[in-house]
Amino acid sequence: MQSWSAPAVPALPGHGPALRLYDTADRQVRPVSPGPTATMYVCGITPYDATHLGHAATYLVFDLIHRLWLDAGHRVDYVQNVTDVDDPLLERADRDGVDWQRLAAGQVELFAADMTALRVLPPQHYVAASEAIDEVVEVVEKMLASGSAYVVDGEHPDIYFRADATDQFGYESGLDRATMLELFGERGGDPDRAGKTDPLDALLWRAARPDEPSWPAPFGAGRPGWHVECAAIALSRIGSGIDIQGGGSDLIFPHHEFSAAHAESLTGERRFARHYVHAGMIGWDGHKMSKSRGNLVLVSKLRAQGVEPAAIRLGLLAGHYRSDRFWDDAILQEAQARLARWRAATTLPAGPAADDVIARLRRYLADDLDTVKALAALDAWATDALEYGGHDTATPGLVATAVDALLGVAL
């Protein structure tokens, strides 16, 4: 698939401290230590509806990481998938009487337009599940051969992954079995499927059914399960031992737990990723924003109403990325006012010295992406500039460059 266009990222003089992030598996903030090329796999959309603010908040997290890595001098190898063949998409296409491929293509196009407007840096590899069938077939064959997968006999000989195929299964989420089973049933799993060895075993390959898309495979025509597509795409594009696996916190279990376990069963490594990073949920009207509930604030609708994407970005960055939080009109209004103040301050002929505010911006962002403190530091600089002025003519432009490079907001 073609990724969206990349905005220019200006270079800043010097470097900030090394990035530290909360690791879901270790339950603590610790250093991220990539090599010259930093690698990241982030789960993409299931394209059956438009981009809402929960999506946007998640991809902004990994955009900040991407920008901080670039600022530190790393090359970045970033992979993102698109789950363009899965039950929610097929059900929506059937409900609306449209071709599933056309539905997916239209929603991917809208998502790309939203990401472009928000100035999110694109992945180097943007891969649809339907483009990775060969890779999925290969890994399923290997899992069958190793005994980490098995066929459920019957009318539909689906293939399942054994949850106990790796000794460390469950380390990423840290959940007990009862909670796993509950979430598995709520989030796309089928614990009650007859013939499975364990209710937690996850679908790898869904045998062909009438009126469903399918692809040929040595073990029978069908289509990929949800988790295996990410393992196959990540291993084929990056390989094992990636620096970050990321997504929203609702993906920790079962999706990220299983995609990591799939990869680990193939490579024999203890950890699929060195760091597991997850963003909190965005709520509206008292509930988590979700397509199933219908309480969505769509990026495209805000843009159509004339809301500047930079203000949407600032509004989402006003809360810490790991916290579940609500969006409302007051947050947007505050973000719009902040954007106006920053622009006024950075267009002055001179201003207060920039070294300290840029150093603090880098330091706060390197400390588990503390955007709350980062925005406050820039607010303080802007207040000083507007109320007291300064004598450094280069400062306003340098601060604007830092905001662009590190926060992705063009002033």
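**Legends to views of the predicted model**

**View 1. Charges of the protein chain.** The mean positions of the 37 positive and 57 negative charges of the protein chain are separated by 3 Å, with Lys and Arg counted as positive, Asp and Glu as negative, and His and the chain ends not counted; each charge is placed at NZ of Lys, CZ of Arg, CG of Asp or CD of Glu. This is a predicted model, in which local features need pLDDT of at least 70 and side-chain atom pairs count only at pLDDT 80 or more, while totals for chains, interfaces and linings use all residues. Residues are numbered from 1 along each chain as its sequence is written, and side-chain values use heavy atoms, with hydrogens and water left out.

View 2. Strand 1 (residues 20-23) runs antiparallel to strand 2 (residues 28-31), and 4 bridges join the two; strands here are DSSP runs of E with at least two residues, and helices are runs of H or I with at least four, numbered from the N terminus, while two strands pair if DSSP finds at least two bridges between them. D23 stands opposite Q28 in strand 2. The hairpin has 4 residues between its strands, and R27 in the turn has a positive phi of about 60°.

**View 3. Helix 9 and its cover.** Helix 9 (residues 309-317) is mostly covered, with 9 of its 9 residues buried, where buried means under 20% relative accessible area, exposed over 50% and partly exposed in between (1.4 Å probe, protein chains only). Among the buried residues of helix 9 are P309, R313 and L317. Across the protein chain, buried residues make up 56% of the 411 residues.
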